[in-house]
Amino acid sequence: MHEMGIVIHLAKTLDQTAEEEKLKAIGKVVLQVGEVSGIMTDLFTDAWDYFKVRHPVLKDSELVLETIPAVTYCDSCKSTYETVKYGKECPHCHSGETWLIQGNECVIKEIEAE
Amino acid sequence: MKIIKLGLGVTSSNDRDADALRDIMRSKGSLLINLMSSPGSGKTTLLSGVINDMRDLRIAVLEADIESDVDAVKIESLGAKAVQVHTGGMCHMDAGMTTEAVRAIDEECDIMFLENVGNLICPAEYDTGAGLNVMILSVTEGDDKPLKYPLMFEKSDALVISKTDALDYFDFDIDKCTERVRKLNGNIRIFPLSAKTGNGMKPFENWLREKLDEWKTK
Ligand SMILES: Nc1nc2c(ncn2[C@@H]2O[C@H](COP(=O)(O)OP(=O)(O)OP(=O)(O)O)[C@@H](O)[C@H]2O)c(=O)[nH]1
Ligand SMILES: [Mg+2]
Ligand SMILES: [Zn+2]
C-alpha cells in the first residue's frame, strides 16, 4: 500500500530530525500534499495514527495536511492550466502534449515540537 | 512548543540511506542498476540476454516481487546469483530494503541489477541507492507513456524501448516517443531493442560496460 510506505519514511525522517534538533516531542506535523499525488488523505492520517505510537517522539503527534493544487503545462501552446479540472487535454489548444509540473509532491512544511 | 520549518521531502530519510548504499557499492567496485517498468515489459527477459552475452562479468540480480519467486529461479538457471526480495505488499523498493537485499549477496560482483516492482509511479519516487537507473518501456505499452508518467523518464539514465520485434503489430512511434522523452530529460540514453531476437542488444551492453568502467575508476 502506497500510504503505508510514505508513513514509514515520514516517521523515519522525523525521528532523524528529532535526534538532530534534540527534540523531546513532536506535536503538529504540517504536510503539503499534491492534489494528484495519489495520497488518500483519510487513509494516510489513519495509517499515521496507527503507526506513530511505535515512535516515542511521535506518539502524540498530529498530521495536518495542506493541499498543493495540480498544474499541467502544455507544450504546444506553452500555457498552464488546472489539472483536476481539465485533465490531460489542454483546454486552450486541445493538444495532448501536456505534462504535470506541480501537484505530485509530498513535503514536510513544518513541525511543532519541544 | 516551537515551530520548526523543514521543507523536507517526506522520503528524505530514504535519500540518506540511498547515499550510504551508493558509498558502500562504490567502495566494493560494484555497480547497482535499478530497472523500472510496468509489469511484463520484459525486464527478466532482458536480464537473461545480458547475463548470457556478458559472461565475462560477474552479475547478480535482486528480484523484487510482491509474491512469487519465478523470476529469481529463471535467473539462477542461467548461472547468475539471484536474491528474492519480498516487498510485503509494498509498491516499490526503498533504499533500506535494497541495502538488506544487497547484503544477502555474499559473492563479489561487477554489476548488480535490481528488478524493481512492476509499476511506473512509486518506484520513481524512491531513490534505491542505485548508481544507474534504467527504465524499460515495451512497444506494446504505447508511445504516450512519457506524457502520463513523466517522473520515471526524468529520473532515468537510460530508456530501453523493448520488444521492437513486435513493432509491426503496434502503432508505437519510436521517433515520437524519443522526442517526448527528450523534452523531459535531455541527457537520457535511448536503446530500442528486442531481447527476443537480440537486435539492438549490443549498443545497450556496450553502454553498460562503459558505465561500469566509469563507476570503477571514478
Ligand atoms: N516479442 C517479444 N516478447 C518479449 C520480449 N521480451 C519479453 N517478451 C515477452 O514478454 C513477456 C514478459 O516478459 P518478462 O521478461 O517476464 O517481463 P518482466 O518485466 O520481467 O515481467 P514481470 O517481472 O512479471 O513484471 C513474456 O511473455 C516474454 O516472453 C521481446 O523482446 N519480444
Ligand atoms: Mg520479471
Ligand atoms: Zn495548449
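**Metal sites and a mixed sheet in a predicted model**

The zinc ion (ligand 3) is coordinated at 2.3 Å by the SG atoms of Cys74(A), Cys77(A), Cys90(A) and Cys93(A), donors being N, O and S atoms within 2.8 Å of the metal (3.2 Å for Na, K and Ca), with water not among the atoms, so that sites may look incomplete. The structure is a predicted model, in which local features need pLDDT of at least 70 and side-chain atom pairs count only at pLDDT 80 or more, whereas totals for chains, interfaces and linings use all residues. Residues are numbered from 1 along each chain as its sequence is written, chains are lettered from A and ligands numbered from 1 in the order in which they are written, and side-chain values use heavy atoms, leaving out hydrogens and water.

The four donor atoms around the zinc ion (ligand 3) subtend angles of 106 to 113°, and the arrangement is therefore tetrahedral (four donors with all angles between 85 and 135 degrees). Along the chain, these donors follow the spacing C-x2-C-x12-C-x2-C. Distant parts of the chain are linked in this way: Cys77(A) belongs to the loop between β3 (71–74) and β4 (80–82) of chain A, and Cys93(A), 16 residues apart, to the loop between α3 (83–86) and β5 (98–102) of chain A. Helices (H or I, at least four residues) and strands (E, at least two) are DSSP runs, numbered from the N terminus. Cys77(A) is partly exposed, with a relative accessible area of 31%, and Cys93(A) is likewise partly exposed, at 32%; buried means under 20% relative accessible area, exposed over 50%, and partly exposed in between (1.4 Å probe, protein chains only).

The magnesium ion (ligand 2) is coordinated at 2.1 to 2.2 Å by Thr44(B) (OG1), Asp71(B) (OD) and Glu115(B) (OE). Thr44(B) lies in helix α2 (residues 43–53) of chain B and Asp71(B) in helix α3 (residues 70–77) of chain B, so the pair ties together parts that are 27 residues apart in sequence. Both Thr44(B) and Asp71(B) are buried.

An open sheet of four strands has the order β2(A)-β1(A)-β6(A)-β1(B), with mixed pairing; two strands pair if DSSP finds at least two bridges between them. At its edges stand β2 (62–68) of chain A and β1 (2–9) of chain B, each with a single partner strand, so one side of each is left without a neighbour in the sheet. Strand β1 (residues 26–34) of chain A pairs with β2(A) in the parallel sense over seven bridges, and Leu31(A) has Leu65(A) in β2(A) as its bridge partner.

Note on methods:
Tetrahedral: all angles 85-135°; square planar, octahedral: opposite > 155°, others 65-115°.
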